[in-house]
Structures are given as C-alpha cells and as structure tokens.
Amino acid sequence: MTRGSLVDISKLRVIFHTYRGTIKALNGVELWLNEEERLGVVGETGCGKSVTALSIMRLIEQPGEIIDGKIWFNGKDLLQLSEDEMDKVRGRQISMIFQEPIAALNPVFKVGFQIAETIAHSQNISINDAYTQVREALEMVGLDWQRTIDLYAHELSGGMAQRVMIAMALAVRPKLLIADEPTSALDVTIQAQILELLDKLVSVGKNAVILITHDLGIASEFCDRVAVMYAGNVIEVAPSQEIFNEPLHPYTKGLIDSIPVVGRAKELTGIAGVVPDLVDPPSGCRFHPRCKHAFERCNLELPELVQIKANHYVACHLYH
Amino acid sequence: MKLGSFILRRLFLMLLVLFGVSVLVFVIAKVIPADPVGAILGGNAPIDLVEDMKRRLGLDRPLMNQFIDYMFGLVRGDLGTSLKSNRPVVQDIANFFPATLELAICATLFSVVLGIFLGILSAVYRNRFIDHFARVFSILGVSMPVFWTGLLLLLLFYFRLGWLPGTGRLGLFTTPPAKYTGLYLIDSLISLNLEAFKDALAHLVLPSLVLGYSAAASIARITRSSMLDVLRQDFIRTAKAKGIGKRLVIYRHALRNALIPVITIIGLTFGGLLEGAVLTETIFGWPGLGRYIVNSLLLLDYPAIMGGTLFVAVIYSLVNLVVDIIYAALDPRMRI
Amino acid sequence: MGILIDVKNLKKYFEIRRSLLSKPTYVRAVEDVTFQIPEGSIYAIVGESGSGKSTLGRTILRLIEPTSGTIIYNGQEITRLDNKRMIEYRRQMQIVQQDPYNSLHPRKLVKEIIGEGLKIHFKMRPDEIYLRIKEILEMVGLREEHMFRYPHEFSGGQRQRIAIARALVLRPKFLVLDEPTSALDVSVQARVLALLKELRERFSLTYMFITHNLAVVDYMATQVAVMYLGKIMELGSKDDIFQRAAHPYTLALLDCVPSVGTGRKIRSVPRGEIPNPAKPPSGCVFHTRCPKAQKICQEKEPEFYELSPGHFCKCHFCK
Amino acid sequence: MIGTFIVIGFILIAIFAPILAPYDPIKPNLPQRLKPPSSQHLFGTDQFGRDIFSRVIHGARIEVWIIFLVTVISGTIGTAIGITAGYFGGAVDEILMRITDIFLAFPRLILAMALSAMLGRGLTNAILAISLVEWTVVARLARAEAMKIKSQPYIEAVKAVGASNLRILLFHVLPMCLSPVLVQLTLRMGTIILTAAGLGFLGLGAQPPTPEWGAIVSDGRSYLVQQWWISTFPGLFIAVVVLGFNLLGDGIRDILDPRLRR
C-alpha cells in the first residue's frame, strides 16, 4: 500500500436498513493518511463523514452494516479482525472524541473513574492502579484535577467535558485520534481554546488525526490535508491551502463560494438544488443533478478518485 | 438540590397529598352514597331502626361536623369502629395487615429478581431465543387476569395434584407461632417453630407466585426497554470506543443507568401488588387487608372502608416516597 | 433615516426556583440594554450562548414579557400594551426562528401555516388568501403546489423559506432573524442569506439579525452590537466593529474566527469559560476572561463610552 | 399483527353476538345445569343451565361497551385537565396536579373498588368508577405533552403572528396532544378490561346475571373442582383479548418510536 502508511481505506461501502428502504450511506470511500499526519474530512450534513469515522472504529451498529471495502490500519485490515482483536485496537491504538461531550460521558460515574478505566484497559492494569495517572491526564488538558476528578458529567460545561474526553482519548497515547465534530457544539471562544489545546497535545504526542468537521475554516487551519465528501464519496483530497485556493471539483468550488469570510467581501453563491436522498441516489456521479458542468458521462459512470497533481486527487469526469 | 432538602420537600408534598386523600376518602364514603343506611338495611327497614343506624353512624349530623370529627379522629389515630366486627378499625388493620405484608414482600422479592434478570437478558440478547422467550413470558404475564391464573393454579396444584396447600396462611392443625411481627415466616423462626415455618412457607408459594408473576412481567418489560434505551446513548458509544469489551460495556456502563428508571417502576409495581393482593387474597382465602377491604365494601361497613382504603393509600405513598429517595440517591443528576 | 426600534434600559430576568421552599435566584438574561435600530438597517446582535441575544430579540417582540425598561416601535411605546392592542403591532413585527425543523407546525399544511396570520389580521376571502400565499411563496423561491404539502416533505433550507414566507406575508416592517441559518449547511445558508438581502431591498424591511457567526455578520450587517452575559459590550457601525473594534471581548471574538485558506494564525484566545449567567462576575462582567483586566475591572462596571459618533464601548481602557 | 387480528375478532364478536350465540345468555334452563363442554354446549353450562359459550359471546359486548365509555370519559376529563395544567403552568398547574396526585395515591383497583361500591354496584357505576381512576393517566400524559409542545418554536411562531392563548390552545396545542393521548388510551384498553373484570370478579362491578367475563369467572368459583369450565373459558377470553390489546399496543409503540426501527 503506497497511499498512506498508517491508514488506507478503500472502496468502503456502508448501508443502513430502514423502513423507507436501504440508505446507501457510503458508496466506495477512499481515504488514507500517514503517521503523525492530520487529515480533515469536511462535508455537509449526511455526506457520510461520521459514518466513515465510526466504520474505522467498527462501531457501525444495527441497522447499519459495512458491506464492502478494506480499512488497513498499521498493516492489518480492521474489517477482518475478530471483536476481541478489535477491542485491542480501540482505546489503545485508535481513540475517538465526539460532538456532544457531555452526552458522551457516562452520567453515573465520576470523571476520574472514566479516565482511569480507559487507562487501565490500555495498559492492562487495574483501575485502582490507573488512578495515579488520572491527575497527569487532567492536568495535560488544563483542568484542575483535584476539583474535576470527583465531578459527574452534568456538572461540567461543554468545554470542560470536551477536555475530559480529550484527556481520556490521549492518555492512552493512540497512534490515531479520530475527532468527530469536536467543537461544533461549543461557543467560538471555547472552540478556539479546544482546538489550540488539541493542536498542542497532538504535536507533542505525535498522534495522527482525522478531524471531521463541517467547518472548512477549522479543517484548513488544523489539518495538513483535507478530504471533501459528498453524498457518500470522497470527491476531492488536497493539501489544505491548496484545496481552498485551487479547488478542482465543482462541488468543492461551490462550497468555498458559499462560505462568508470576515474581511473578504464577496457575494455568496451557494449551490442550487438539494442534497440527494440516499435511499434512491442519482446514478453515476452523485453530484451531477446539481452540477453546472454535468455532461452525459456524469449520469452514467461514477468517477474515480484520481491524482491530478502532487497530492491532489479529484473524482470528477471533467479532469479525466 | 441536596438530598436532605429533596426528602423534606417530598415529605411536605406527601403530607399535602395525604390530607387530600383523607378528604377524598371522606367524599367517597359519606358524600357519594345517596342513601347509605338504606343500602345497609335494605329499603323496607322500620323507621326507628333507620334512625338508630343513622345515629350510630353519625349521619344525623351536618356533613361539616362529621368531617371535623373524622379529621380529629384521624389525627388521634382513631379510625372508628367496624360495624361488622365491632372492633376498632385500627385493631382490625393491625390484625390483617401482616398477612398482606408477608405476601407482598415474598411476591416483590420474586418479581424483582426474576423481572430484572429476564429484562436484562432480553435486551442484551435482543431478537435471540431468550429475548423471544422473555417477551412471551412477560406479555402473557401482563395479560392474564390474576384471579384466573390463581384459580387455575389452585385447581391444578391443590385440587388435582395436591402438591401444595390451598387456602389460608397455615394448615388447620398447625399452631400459629407466637406473635412478634405478625409475619409467620419470621415469627416461626424466632420461636423456633420449624413445623409452622414449613407450613407457612408452603402456603405462601402459590399466592406469591400468582401475585409475583404479573409484577415480574411488567418489571421485565420496563427493564428491557430501559436497557435498550440506554444502549443507544452516546456514552455507550464512548465506552465501546474505549475497547473495554462488550461485557463491561453492558454490565458496568449500561446496567446502572438502566436500573434507575426500573427503581421507580418497582414502587408502582408495589401498588400493583397491593391491588393484586385484593384478588389473590380472595382466591386463596388469605386473611389479609385486601380481603378485609373487599368484605367491608360488600357489606358497606363504612368505618372499615374508610380506614382500610386510607391505610392502603398511606402505605402506597410511603413506598413511593422511599422509592423516590432511592432514585435520587442513585442518580447523580438528581443531586444538583 | 428614522429610528424604528428604540430600546431603553431593557431588562429581562428569569426566576429560577430550585424548590418550593427555597429562595428564588435570577438569571439576568438581558441586563439594562439600550440601543436604537435605524429604519432600513440590518442590525446584528452578536454573542455566544448565554449572552442573552435571543432573549433580547424575543423581548422586543414581547414574545417574552420584559422585566423593566421600554420598547418604542416607530414612536409608539409598546412595552405595556394589552394583548388586544398589541395584535396590530404583532403584524408589523415578525420573527424567523433558528431551527427550521421545529418552527413549523408538523401537522399543518404550508398553506395553513402561512395563512394563519392572514386569518387573524385581515378579513380576507379564501381566494384572496390563496393568492397572497401563492405570491409570497414565489417570492421566497418556492412554488404554488408546495402549499399543499406538510413541513416534513421539505429540506431545511426550504423550511426556512416557508418560515420567511410566514413572516413576510403579513407585510411587516421589522423582522427579527434569530440565527436563521445556523441550523443549515453552508451551501444552503449562502442562498438563504442572499434571499434575505434581496427581500429587504424589495420590501424596505428593517432586520434585527441575531447570530454567533461573525463572518455572517460581516456579510449581512450595517450595524453591530456585541453582547456578553446580558450586556452590550460594544456597538457601532459594521466598520466600527470590524475595523476599529475597541473592546477586548470583540477583539477576542474576531480573533477566534477560523481563517479559510490562509494557514494557521496566532490568536489570543480568552481564557476560562463563560460564567454562569445566574452568578455574573462583579464589575465588568468580562474581567474574569479579559487579557487586559486590572483591579478596577473587578470593582467598577465601566460606562458606555462613545468613542466616535455611534460607536460605543463598555470598557475602562477603550479610550 | 396477531394483536390486530385478536382485537378485530373481539370487536366482530361483540357486534354479531346475537347471531353468533346459540342460546339466550341470561334465561335459566335448569334441566341443562352444569353440563360439561359438548357439541351442544361448546363451553358447557353453568349452575342455572345457561350456555357458557353464549354468555361469553355476549360478554364481549359488555367489555367493548366498558372500554368505549371509559376511554371516552377518562380521555375527555384527562385531556382537558392535562392540557390546561400543562399550557398555563404556574398555580393552575400546581393545583390540578396535586388533585391528580391525590387520585394517584391509591392503588388503582382499590380506588375503583371503593368508588364502584359506594356509587352502588352495577355495570354503569363500575364504568364511572374506572373512568374516575383512569383519567389521571391521561391527564399526566396530556400535561407533559402540552408542556413540551408549548415550548416548541412553532407555537412561539403562532404567537408572534398574533394568535390568542385560546386559539393557540385549541387549534395548535390540542391537536398535537391528541395523537399521543389516543395511543395511550389504546395502550390502556387491556388494563381497563382487567380492572373491569377484577371488579366483576369481586362482586363490586357488573352484577349477575349480566354476562360480564369477570363476573362469570366468579360464578364458577364454587364449582371449580368439578365444573372447571365455568371459570376457565371466560378467563381465557379475558386473557386472549387483553393479550391482543397488549400486542397491538407494543406494535403501535414500535412504529411510533423511530429509534427502534430497523
């Protein structure tokens, strides 16, 4: 595998069974990253970015199902591992933080216990022994450990809860951290604090990061590369400066033309049409009904993600 | 809210409600019946008998005075005298209640243990054989009328097979144990009367089974749905992402959260047990409070009706109070 | 330009009672707010959660009753009008809410949702109502046949268009837009914002635009007020705020906005968390997080200094 | 599915009872007393020689009548009290909810027993008694719904457009409360039958010779050992019909709870 030394996802397909029919949530996702690299995954609601993250953790549950694809992580295909083997990957080699940090913490256990439990599992020691490391973990994320250790989730603010989640996730020194919209539920000043903290800790810990966000600004600032998803596909991947300054895919262009930027007066065009219903997605390129440049082939054939320039990939027939 | 002030508040509310309860009992017994004396004596009773009866019941006095007397009586712990037994109602209740309590405790133990166990298995092995079994078991349990299952079991195990005793708390030839608590199981152990213990236990099996089954069924249903609800929460996903394994996710992270709502249901179930006891006691000739209330209702024994229903409401409110306090103590979110 | 909305010393406190027996505490959601909205402007209220911006908007419309202060609409004080007399002003002052998924009655047809106000305010024949609804739907970019559908058949952006139609069908003068696009994806947000700009021109509307997104403010607003813990910290024209911001909190907010495509920037993020609005800090409410805080900031609440005409700032050191 | 079949079957039996029942359910026929089940008397006969099958079939009518009336009465009272308390809140809510608490302080059956006995035993009063117990369930639900709906943005939007409190309550809040209330009432129908049958069994509900199922079970008690059929068949009918309602209720709940969809 040449694309990414740490993670290489290919042809990942996930479906969800519902009363309305089968939702084709992921339609052959391609994604890869190297050790210590930060990859931003951006896209609008329902594009499949969170499903991709949960697939890596093998946390897709009924009624969802991974039906095809490979997720190479550190030389193993995660989709081939047994549940027990997978539990040695989760919380040891890959950690995850979520969008709603207060809901992500167990309401009946104290914060200290939940961190200790994570550490205990990753190091195969007892929870009591792990408590000695809880202080360090809390101080690492800038919390007053004596005060925080005995609190319950509902006694924390959103920002504090996300710090606790980060402490839990990074205390196990994972190779990869998956952050699923870690700041979307937070206020801008708190969001900036959390991102700054993550930036610092991840640099020190040399963790690779997959940051999932709908905010292109955050992805652009935090990540080395950005992957743009639309309706279950990765449609463009490029270094983060490049994707904003020289986007290739019509969807990426439309998205960037939709973002208001402070101090840069411009008209916002937006993208006409609506996101397709994934129970019955359009044939060929799933963006073609909304695309100004669509031609016949777009309706017939799903474009593959191909390299156009160094490190810049796009899935669009215009560039083939 | 501190737990202490929470308890105080609940106690205060309970007193308020209990005052309302006594008013309601008064209304039911004294205001609703159009012609209580006629109902007791029949329509053709001679006039002086009617007058006499009215005087005995205090019905010749204005309603307001009757109410005041009744409330003062309550405060002094005087519930009046039963028309049928001619004993103070308080004494009757003291005689009959231990039997009901013993039955309810046995049924509660049985139903809580079985119900929670089945409910958890059912949720964890959702859509597997054990889940289907548990769901059939519990939907039958909440559907079958208690008095009917009771009769059928009585027919089978007592009349046909003769394995278990049929009615009452003890066999005809067993001497009751010396009275300490009124609960035969405990009293017989204290007085080392093993004969009575075995007999009392045997008599308890069928009624507690009948009474406990429907309660177990509803607890199992609630536990299952509560557990399924918790298993969908975000923090369960976090626990799974930690890689601690399915067992710990379920038994450490999900179970404690799932059992919190189940606790409140146990309180409600206890109310169900009290009303189930009315039917069970009637079938099994159990000399308990439920049968006492039914009999006084059939005979329109006013003081007994008022005392009995009031007592049951007080017990039920107390149980719910205790349950609420346990709930608050278990759920850290209640202790803000 | 005249003043359309004139708010003086407006306060809104919410009472929180932990139990029947304990003493109530008050959340000061809006604390002594004074400002004017000129006719024809887009007046942005910016702030983080708990700043009281949304409460302010609702209080001005009297969807929530103010605790004290006055609200003058078009020269008429409406603070204490009774329900009957308030109805006429309800027609002129409308709102578009944040969450398009909950702001439309799920069991009513679009036609009923938009027509409700027409039935209350105008004696109109059904065919007139129909025409009015059709007309307004077309203006917000929907079609006549959408009238006979239920809200769940629409996407978020389309629902927000329905909500805009519901507000505009009454031909109001003043519109409170309460985070109208924060629940929408950016590509949809762009189109809704463009529509709102266009409609303002067309109907010469005045907007009060409530948001936490400074980039959207920069795109939309003519005037800006920055709120923190129930108080206005700084207000002025758009350029006053974006070019000449004086308050440390405004500066911090501007600094926290992620940049797009220009790489990482060094920022001065305010430390700590937003305090509990039930227990606001003494003196200047921002002092607990302010990089410039001095002793005086804990003790004395700063005045509202006028830095230049129309540019006000509530900070001891802003001069 | 099974639940729906049972409930529909139950209602059909009730409607066509006079056609389906081979004998008069009330008139005694002493020569035929206490006959075991046979081709002539499918479920046997009771101590007055009445055909149990016919009595059970006619009993379905009574149970349907009970369900219908209790649902209507308790639904109306409960909804009215519940949404008033929930929508207006404050002191109104406090008072109405304390009243509800008073009714909830009794185990249901015991309160129903007391009410039924004091009103005078009989079918109509039993129905009234059960309704007076059941309304609290509806009231609590309607209150919770009204409170939830009241704080929804679409209600605020209606207020912003200029609607009065009464208009909001009747045209916007009430319709939204109605469907959860109706669902809840459906879920309670099994319980209503059980309560009514319990009253009948204790002799505090429908009185003989009314062929109410619980009362028939009670009739058979003294003959249980030799003539088991008198009590068994009506009891079986209660169990099956309640099961039907419970299955139906579970089905409705699954459909309404989107999280359980798969």
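Across the interface of chain D and chain B, 7 residue pairs are in polar contact, both residues of each pair being at pLDDT 80 or more. A polar contact is a pair of N or O atoms within 3.5 Å; within protein, one must be able to donate a hydrogen and the other to accept it, and residues adjacent in sequence count only if both atoms are side-chain atoms. The model is predicted, so local features need pLDDT of at least 70 and side-chain atom pairs count only at pLDDT 80 or more, whereas totals for chains, interfaces and linings use all residues. Residues are numbered from 1 along each chain as its sequence is written, chains are lettered from A and ligands numbered from 1 in the order in which they are written, and side-chain values use heavy atoms, with hydrogens and water left out.

On the side of chain D that touches chain B, the elements giving two or more residues are α4 (90-104), α5 (108-119), α8, α9 and α10 (229-256) of chain D. Helices (H or I, at least four residues) and strands (E, at least two) are DSSP runs, numbered from the N terminus. The most residues on this side, 13, come from α10(D). By residue type, the side of chain D that touches chain B holds 31 nonpolar, 7 polar and 11 charged residues. Here Ala, Val, Leu, Ile, Met, Phe, Trp, Tyr, Cys and Pro count as nonpolar, Asp, Glu, Lys and Arg as charged, and the others, Gly among them, as polar.

The contact (heavy atoms within 4.5 Å) takes 49 residues from chain D and 49 residues from chain B. The size of an interface is often given as the accessible area lost when the parts come together. Between chain D and chain B the buried area is about 4,200 Å², and carbon and sulfur atoms give 76% of it; buried area is the accessible area (1.4 Å probe) that two parts lose on being put together, summed over both. The two chains share 1 salt bridge, a term for a side-chain nitrogen of Lys or Arg within 4 Å of a carboxyl oxygen of Asp or Glu. Asp250(D) forms a salt bridge with Arg221(B), with the closest N and O atoms 3.0 Å apart.

Chain B has 13 helices and 0 strands. Its C-alpha atoms fill a box of roughly 85 × 55 × 40 Å, taken along the principal axes. Of its 336 residues, 52% count as buried; buried means under 20% relative accessible area, exposed over 50%, and partly exposed in between (1.4 Å probe, protein chains only). Among the contacts in chain B with a separation of 6 or more, 72% are between residues 24 or more positions apart.

Helix α5 (residues 89-124) of chain B contains Ser111(B), which is buried at a relative accessible area of 1%. Beyond its neighbours within four places in sequence, Ser111(B) is in contact with Ile116(B), Gly212(B), Ala215(B), Ala216(B) and Ile219(B). In helix α12 (residues 289-299) of chain B, the buried residues include Leu289(B), Tyr292(B), Ile293(B) and Leu297(B). The buried residues of α12(B) pack against α5, α11 (246-283) and α13 of chain B, and also against α5 and α8 of chain D. Leu300(B), which follows α12(B), has a positive phi near 50°.

A nonpolar core is a set of buried Ala, Val, Leu, Ile, Met, Phe, Trp, Tyr and Cys residues joined through side-chain atoms within 4.5 Å. The largest such core has 130 residues, of which Val21(B), Phe147(B), Leu297(B) and Met113(D) touch the most other members. Helix α13 (residues 302-330) of chain B gives the most to this core, namely 11 residues. Another core, of 90 residues, lies apart from it and includes Leu143(A) and Phe222(A). With neighbours within four places in sequence left aside, the contacts of Phe147(B) include Leu279(B) and Ile283(B), as well as Phe201(D) and Ile238(D).

Some backbone features were also found. A cis peptide bond with omega of about 0° joins Gln62(A) and Pro63(A), and Pro63(A) is in the loop between α1 (49-56) and β4 (64-73) of chain A. The loop between α1 and β4 of chain A also holds Arg58(A), a residue other than glycine with a positive phi near 55°. Asn74(A), likewise not a glycine, has a positive phi of about 55° and is partly exposed at 32% relative accessibility.
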